[in-house]
Amino acid sequence: MSTAAFPRPGAVLADLLPATTTASRARVRDAALVLGGAALTGIAAQIAVPVPGSPVPVTGQTFAALLVGASLGAGRGLLSLALYALAGMAGMPWFAGGASGAGGATFGYILGMLLAATVVGALARRGGDRGVLRTAATMAAGTALIYGVGVPYLALSTGMSLGQAAAVGLVPFLIGDALKAALAMGALPAAWKLAGRR
């Protein structure tokens, strides 16, 4: 097996796509990746299950945001989630359950996803997605950032105490987040192993 088959240090999964010959083609490829990341997040947000007693539904949105960050890297991940947020704020109905606009009680989670995609992308570029334990730590860091912004925003926007906001906007989602992290722990390192065999 040639050493060219192994991903270079500092790469993310999107960097393994075939190299382009010109800078303009590379920009087109990056734009397509950013658009695809935003679309994936918007589609995943439509998988929304209401949680009794909580204004926050269970969605695939957070998992998609973390996956976009890990796969695309910090810069493209940030741009993808920024595009997702801006399009939703402008009226595109692709926030959770087909919602749109800014300022809702759950908008803080979207802002947290912007930060999380950036940090997860930076960690992935440092190998944070190449092993099971490192992937678990990377996903945990991203999830913590989403809640770190989302829960206080929920409290401020609804008038709840921080404890109440955590009880309805964090605690009911911990098991689901653990399952999402387990999925990422299998998927991302497996993708790197497959890439190394090419």
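## A tour of two crossing helices

Helix α5 crosses helix α6 in a right-handed sense. This is a predicted model, so keep that in mind as you click along.

**Stop 1: the helix pair.** Select residues 132–158 for α5 and residues 162–169 for α6. The two axes lie 8 Å apart, and the helices pack at an angle of about 120 degrees. Because of that angle, α5 counts as oblique to α6.

**Stop 2: where the helices touch.** Now show the side chains. Which residues of α5 meet α6? On the α5 side, pick Tyr 147, Val 151, Pro 152, Leu 154 and Ala 155. Their partners in α6 are Leu 162, Ala 165, Ala 166, Val 168 and Gly 169.

**Stop 3: the whole chain.** Zoom out and switch to a cartoon view. How many helices and strands does the protein have? There are seven helices and two strands. Follow the elements from the N terminus and you will read α-β-β-α-α-α-α-α-α.

**Stop 4: overall dimensions.** Turn the model around: along the principal axes, the C-alpha atoms fill a box of roughly 60 × 35 × 20 Å.

**Stop 5: inside the fold.** Colour by burial, and 41% of the 198 residues show up as buried. Finally, look at contacts between residues at least 6 apart in sequence: 69% of them join residues at least 24 apart.

Technical notes. Residues are numbered from 1 along each chain as its sequence is written. This is a predicted model: local features need pLDDT of at least 70, side-chain atom pairs count only at pLDDT 80 or more; totals for chains, interfaces and linings use all residues. Side-chain values use heavy atoms; hydrogens and water are left out. Axes are lines fitted to C-alpha atoms, for helices over the stretch in contact, and angles run from 0 to 180 degrees between N-to-C directions. Helices (H or I, at least four residues) and strands (E, at least two) are DSSP runs, numbered from the N terminus. Angles under 35 degrees count as roughly parallel, over 145 as roughly antiparallel, 65 to 115 as roughly perpendicular and the rest as oblique. A crossing is left-handed if the near helix is turned anticlockwise from the far one by less than a right angle, and right-handed if clockwise. Contact means heavy atoms within 4.5 Å. Buried means under 20% relative accessible area, exposed over 50%, partly exposed in between (1.4 Å probe, protein chains only).
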